[in-house]
Each structure stands twice: as structure tokens, then as C-alpha cells.
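Please have the sequence and the coordinates open as you go.

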Amino acid sequence: MEPWVIVASRLRLARLWAAEEIVLAADELKGVLLPYPSELERHVKGFVKGLTTWDDLVSAVRDSGLPYVDAWAWTEEPLLRRLRSLHASGFKLSIECYGPPIAVEAEASWELARQILRVRVTGKVDLEAWRKLVGKREPPAKAGYATISLQPIEIARVTAWEYPPPPTDSLSSRNLSEEQVMRMVNYIFNFVVTSRNPDEAYIRWLEELKYESSKINKLKSIALMLNIIEDRQQQETS
């Protein structure tokens, strides 16, 4: 199987979709490349193999120093639970984490927050500072592996989520401009900050864009289903 990239936004809904794409191709796959810091790999593998619980994984990630643990856990849970169920069903997919080290990620997160606030307060964009933040690092691609990514790779087969990415995920070195940065910052303050979670913010954004109502309703139905499943899991572990 040729290198395969699954372009999925950092949304719970998109990660669920990506998980189902992996399920459909599980017979052909050797493994999955995940965009998490490399230090998390052994913890993620332990969960996928059924050696630890979800709470154990989240605690290990928190202890590792990842700066956005709650958002990470909420977003990635559907994907990781699906990989776990695949493993339990006999699909022993290799799991690799290709993201930057946690220390680098933490520093970048702090600088990103600083630049977002600077734009919000001053209305000015330091493009050089943003250029360093978005970088030019491309995700890896390996024959027989599915890479979960925010962007496609030219050398790989690409499958992309059918919905437009939120401004927080679409900003890159390829489209960096003052307009795109302002679009991202406005999205954060107008939608993310005023919503209960990233998926709710995203759906509200799509509604403001006058996106296709039938597709928005489909997302709302899936989001409701995910919330019901989450509530049940919390009740079972309480």
C-alpha cells in the first residue's frame, strides 16, 4: 500500500471520521502515524494494546507536561478508542508518534498564545513571528501507513474530510498572510472562547458561513451521539 495521508482537523468529529477511514482500510495497513509528541508514543501504544485505561493514558499525558491535555484528550479520544478496538479485534497496527518534543510544543504553545493576544490587543500582525510559528515541517509518509495530518503531502495518496477546516487548522506557511492570521484570531475569540468545546465552535462558524444546512445537521447529529457515548463512559467509570 502506498503512503496514505488522512487530512483531519483537530476536532472530535473529524478524528472520529479519520478513525472510520482507518477501519475501512485496516486489512491493508501496517500502522498509523499520529501527530503527537514522540514522548507520548509508549503511553499511546499501551492504551491501544489494552494494557492501560483511558484515565491512565490521560494521567500519563498530563504528567508528561503537555500544555493542552484536556483539549488533546477530548479531541483524540474517538480515534484512540477506535484504534484500541481494532487491536482487540486482531488488527495489530503499529503506532508511531511523529510530533515535536513536548518541550518544543510547550514553548510554541506559549508563543502562539502571546501572538494571538498581541493581535487581539493591537490589531497588528508580526508576520515574521507567525512565520516561525507555522513553520515548514511536513508530516512523514510511509508505505503501508496512514498518517493523520492537518495538511496533504504530495508524495502520498490523500483522503480529506469533506468539511472546510477551521481557521485554527488552515493557517500554514503556504497561505500565511495578515488576513489569514486575523481570520484565525477572530475565530478563536468569536467562536472558540464563547463555546463549550471546539466542535461546538466549529459548527457555529459553519452556520455563520451559511454552509450547507444538511451537512451541518449531520455534524450536529454525530456530535450528539458522541456526547451520549461520553456520558455513558463517564458513568461507567464513576
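## Exercise 1: two helix pairs

In this predicted model, the axes of H5 and H8 cross at roughly 90° and come within 10 Å of each other.

**Solution.** On the H5 side the residues are Leu 112, Ile 116, Leu 117, Val 119 and Arg 120, and they meet Val 181, Met 182, Met 184, Val 185, Asn 186, Ile 188, Phe 189 and Asn 190 of H8. Sorted by class, the residues of this contact are 10 nonpolar, 2 polar and 1 charged.

For the second pair, helix H2 (residues 41–48) packs against helix H4 (residues 69–88) at an angle of about 55°, and the two axes are 8 Å apart. That angle makes H2 oblique to H4. Val 44, Phe 47 and Val 48 are the contributors from H2, while H4 supplies Leu 80, Arg 81, Leu 83, Arg 84 and His 87. The classes here are 5 nonpolar, 1 polar and 2 charged residues.

## Exercise 2: aromatic pairs

How many aromatic pairs does the structure hold? Work out the geometry of the pair Tyr 36 and Trp 72, and then that of the pair Tyr 187 and Trp 205.

**Solution.** The structure holds 8 aromatic pairs. In the pair of Tyr 36 and Trp 72, the ring centres are 5.2 Å apart with 75° between the planes, an edge-to-face arrangement. Tyr 36 belongs to strand S2 (residues 31–37) and Trp 72 to helix H4, so that the pair links distant parts of the chain, 36 residues apart. Both partners can then be checked for burial: Tyr 36 has a relative accessible area of 1% and is buried, and Trp 72, at 5% relative accessibility, also counts as buried.

For Tyr 187 and Trp 205, the ring centres lie 5.6 Å apart and the planes stand at 80°, so this pair is edge-to-face. Tyr 187 is part of helix H8 (residues 178–192) and Trp 205 of helix H9 (residues 198–208), so the pair ties together parts that are 18 residues apart in sequence. Tyr 187 is buried at a relative accessible area of 3%, and Trp 205 is buried at 8%. These two residues also belong to one aromatic cluster, formed by Trp 161, Tyr 163, Tyr 187, Phe 191, Tyr 202, Trp 205 and Tyr 211.

## Exercise 3: a loop residue and its backbone

What is the phi of Lys 210, and where is Lys 210 found? Then locate Pro 152 and list its contacts.

**Solution.** Most residues other than glycine have a negative phi. Lys 210 has a positive phi of about 65° although it is not a glycine. Lys 210 is found in the loop between H9 and helix H10 (213–237), and it is exposed, with a relative accessible area of 73%.

Pro 152 is found in the loop between strand S4 (145–149) and strand S5 (157–160), and at a relative accessible area of 36% Pro 152 is partly exposed. The C-alpha atoms of Pro 152 and Ile 6 are separated by 7.7 Å, although the two residues are 146 residues apart along the chain. Leaving aside neighbours within four places in sequence, Pro 152 is in contact with Val 5, Val 7, Val 158 and Arg 174.

Methods: Residues numbered from 1 in each chain as written. Predicted model: local features only at pLDDT ≥ 70, side-chain atom pairs only at ≥ 80, totals over all residues. Heavy atoms only, no water. Axes fitted to C-alpha atoms, helices over the stretch in contact; angles between N-to-C directions. Helix = DSSP H or I, 4+ residues; strand = E, 2+ residues; numbered from the N terminus. Parallel < 35°, antiparallel > 145°, perpendicular 65-115°, else oblique. Contact = heavy atoms within 4.5 Å. Nonpolar A, V, L, I, M, F, W, Y, C, P; charged D, E, K, R; others polar. Phe/Tyr/Trp six-rings, centres within 6.5 Å; stacked < 30°, edge-to-face > 60°. Buried < 20%, exposed > 50% of the residue type's maximum accessible area, 1.4 Å probe, protein only.
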